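Have the coordinates open and try each task before you read on.

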Amino acid sequence: MPYLGGEETVRELKRCLSNPNIQSDPLRYRSTVLKAIRAMSQGVNVSGLFSEMVKACATVDVVQKKLVYVFLCSYAAVNPELSLLVVNTLRKDCQDPNPMVRSLALRNMSNLRLPSLVEYVEQPLTAGLRDRAACVRRVAVLGWAKLHNLQPNSEIDAAVVNELYNLLRDPDPVVMVNCLRALEEILKEEGGVVINKPITHHLLNRLKECDVWGQCEVLRVLRRYHPQSEEELFDILSLLDASLICSHPPVMAATLSLFLSLSAGLPAVGSAALRRVCGPLLAACGSGSREMRFTALCHMQLLLRSIPGLMGAHYKRFFCGCAEPAYIKQRKMQVMHVSVVACLYVEQLLCRLSLCLQVLVELVNDDNVAMLLDELKGYCTDVNADTAQAAITAIGRIGRSYSDRCLEILTELLGLKQDHITSAVVQTMRDLVWVCPQCSDTVCSALEGCEDALQDSQGKQALLWLLGVYGERIASAPYTLEVFVDGVRSEASLEVKMELLTATMRLFLCRPAETQDMLGRLLHFCIEDETDMCVRDQALLYYRLLQCGIEKTQSVLQGRRSDPSLGVLIGRPAEPISQWACSFNSLEPLMHGSVQTEPASRGSPEHVAPKPNTDLSDTLDCSHTETDPTGSDGTGQRSDSSPSAMVVTPLILSVSPAVSPEEFERLWLQRHASLSEQGAEDDGESVWTEERFQCPAVPRCSPQSLQAAMQLVNIQTLAFTPPHTRPWRVFLYTHTLHAGTTPHSTLILGELLYAGDADPAAGGQEERGDGHDEDVKVTLKQQPRDDEALRGFLSVLTAVLHTLSSGQP
């Protein structure tokens, strides 16, 4: 037989299949059919054998039937006219005494996928639903789903749907699960299969009879059912309790997802369920399958968002293996950092602002920090640059609590003189010295001579920022900067050039004699020869700033070296389970939990924008503590919140959908002219309210700081007046999603107004009057009205304003 001879191969096979001598010998005939299938799998077009293969169906040999059916289903669309002969043969096989032949015929009849043959397939499928053999019923149920998928716009046969609902009580568990899948497909437009109380209890009682994937399907469908009473709820949870610790990760994940859905109003029950699945989830993290390990690690991070210290005792389980791929190593380091460090983090804002939250759990102690750092130190020299950078980043974050130990490791890594390691260490030191100013002396002494090993722009920017801010403590700072200035013509990165300008200007202010000449050369090049407009404009700005005098230049460039509000390192609050329960056991944790190292290059830490959707929840959790809106003085003015007045309310703020300035103005101008000074006023669909807060330092914040603080809690500022202007106004909006028994969304428009007469430079005092001139008045419009959501929003806004006010000198 010719080897892949194309037309010659087909002619040879056709001659053999038509040979009466071969047809009379079952083994030779089957061998010839097998050759045709092999040629088809190798890419040869054997559609010309269709009629001969149809004749080969008429056999009692089950193996030959399977081979022929594979061929016919592959080429039925190419030969629609001859496919009618196939249907006649298949319908005959559907009445065969052998149940295996009947199921095989039904399966391939529905796999032909020809709309013209639907009318011939319906009757055998209907008879198959009542077949005495379970294997035939399994195929017939799925056949109806395939038929509906072939003609999705056709009218649904109510008799077939009723028959499928009846088969949910079939004694065979596979038939039951297949019915669920078929009904989901057929009733997709109507929301899927209807789950009521009898069906729910029947499925739960037969759950253990199903295989792994059958249990997952049943548990997924049961998420639609809402128990009618608390007693029924706990009965269902009791039935699911054993599956929570199932050895099969898919069943465990599906059970936990259903468990969290049913116990959405019982946070204590949800937390107990999370603690119970620790064992199976840890086992999945050590699975032999890389895909299973990565998926388990992604879902582990969801759990740690609500219970940060859940895996603190098992941090050794997240140590990386030498044979593991880079993406698993980086994910493990993220989980290890979250579980061992109890999610320590500092949320940096634009223009030197941080909102600090109270520490919930801190698991790092003198007993385990040494072992953890030793393990991470080994990862820093990994051959994969991303893994090494992730390890260095983790050390830097732990350094916010154990700075001496971590700085010792980072200094040792600088001695390796490897490009990517040196760059990551310098960036980590820059971020560490911003949040921990007490580390500056050690960092300054470690930077000597590291510029030779820096090749990438991110590392150069970090080093330049350190030289500019702490140049007076680094003896070689002018000489290091001079190397960069001399090579500025060959520098390709615009960001490095702009950072070099700022660093040289800052160093000139503290060491003018050593820096004056290089600053002049740098400004001359950037103004006269530089082609990029951004660099040229920045150089012109600095040149004109120097013309205004040294004092003015110092007031602009020599700002804070770190944020004073970062004196105490704190952890993030635990998120409510309801915020991520709906995404558990789905692809969302894998898609949104991609491994990320340190953020991309940025010039100065004080100019860091908050990153949305990061693994460490860089957006403020709005499951807030809300205070009594009436305050304690009866005037509507808020006093400082006390622990006794705090109530936890699940509230989510969002800036989507966006509100344009024109739409804001239209909605805002609907305000009543006779709005009273205090209290609320209802105009039907919306409500107006006014509050006063004692935080007069807020108007002196820079607009960027205020905007960044608001964005951190998902409040969008549309317009604001410059600082020190009176009256000072800010217009803002947000959407509140109140996750109560009936989740709903409202739109809140707001205005911050400060009318105090303040110009401290003029030596005047702010007018006090009746005591309200020093207050910030907040006017809000909510549509539609939701008093609980409005109180929650005011609580969040109060926390932001007081934090901003406390950070002002």
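**Exercise 1. What is the handedness of the crossing of α21 and α22, and which residues meet there?**

Solution. Keep in mind throughout that this is a predicted model.

Step 1: The crossing of α21 and α22 is left-handed.

Step 2: Two packed helices are described by the angle between their axes and by the distance between those axes. For helix α21 (residues 385–398) and helix α22 (residues 403–414), the angle is about 150° and the axes are 9 Å apart. That makes α21 roughly antiparallel to α22, because angles over 145 degrees count as roughly antiparallel.

Step 3: Now look at the side chains. From α21 come I392, I395 and I398, which meet C406, I409, L410 and L413 of α22. Sorted by class, the contact of α21 with α22 has seven nonpolar residues, no polar ones and no charged ones.

**Exercise 2. At what angle do helices α14 and α15 pack, and how do the residues of their contact divide by class?**

Solution. 

Step 1: Helix α14 (residues 230–241) packs against helix α15 (residues 249–262) at about 165°, with 11 Å between the axes. The two are therefore roughly antiparallel to each other.

Step 2: The crossing of α14 and α15 is left-handed.

Step 3: L233, I236, L237 and L240 are the residues of α14 in the contact, and they meet T255, L258, F259 and L262 of α15. By class, the contact of α14 with α15 holds seven nonpolar residues, one polar residue and no charged residue.

**Exercise 3. Which residues form one aromatic cluster with W668, and what geometry do the pairs of W668 with F664 and F731 have?**

Solution. 

Step 1: The structure holds eight aromatic pairs. A pair of rings is described by the distance of the centres and the angle of the planes.

Step 2: One of the pairs joins F664 and W668, with 5.7 Å centre to centre and 10° between the planes. This pair is stacked, because planes under 30 degrees apart count as stacked. In helix α32 (residues 661–668), F664 and W668 are four residues apart, so about one helical turn separates them.

Step 3: Since W668 lies in helix α32 and F731 in strand β9 (residues 728–738), the pair ties together parts that are 63 residues apart in sequence. F731 counts as partly exposed, at 22% relative accessibility.

How values were computed. Residues are numbered from 1 along each chain as its sequence is written. This is a predicted model: local features need pLDDT of at least 70, side-chain atom pairs count only at pLDDT 80 or more; totals for chains, interfaces and linings use all residues. Side-chain values use heavy atoms; hydrogens and water are left out. Axes are lines fitted to C-alpha atoms, for helices over the stretch in contact, and angles run from 0 to 180 degrees between N-to-C directions. Angles under 35 degrees count as roughly parallel, over 145 as roughly antiparallel, 65 to 115 as roughly perpendicular and the rest as oblique. A crossing is left-handed if the near helix is turned anticlockwise from the far one by less than a right angle, and right-handed if clockwise. Contact means heavy atoms within 4.5 Å. Ala, Val, Leu, Ile, Met, Phe, Trp, Tyr, Cys and Pro count as nonpolar, Asp, Glu, Lys and Arg as charged, and the others, Gly among them, as polar. Rings of Phe, Tyr and Trp (its six-membered ring) pair if their centres lie within 6.5 Å; planes under 30 degrees apart count as stacked, over 60 as edge-to-face and the rest as tilted. Buried means under 20% relative accessible area, exposed over 50%, partly exposed in between (1.4 Å probe, protein chains only).
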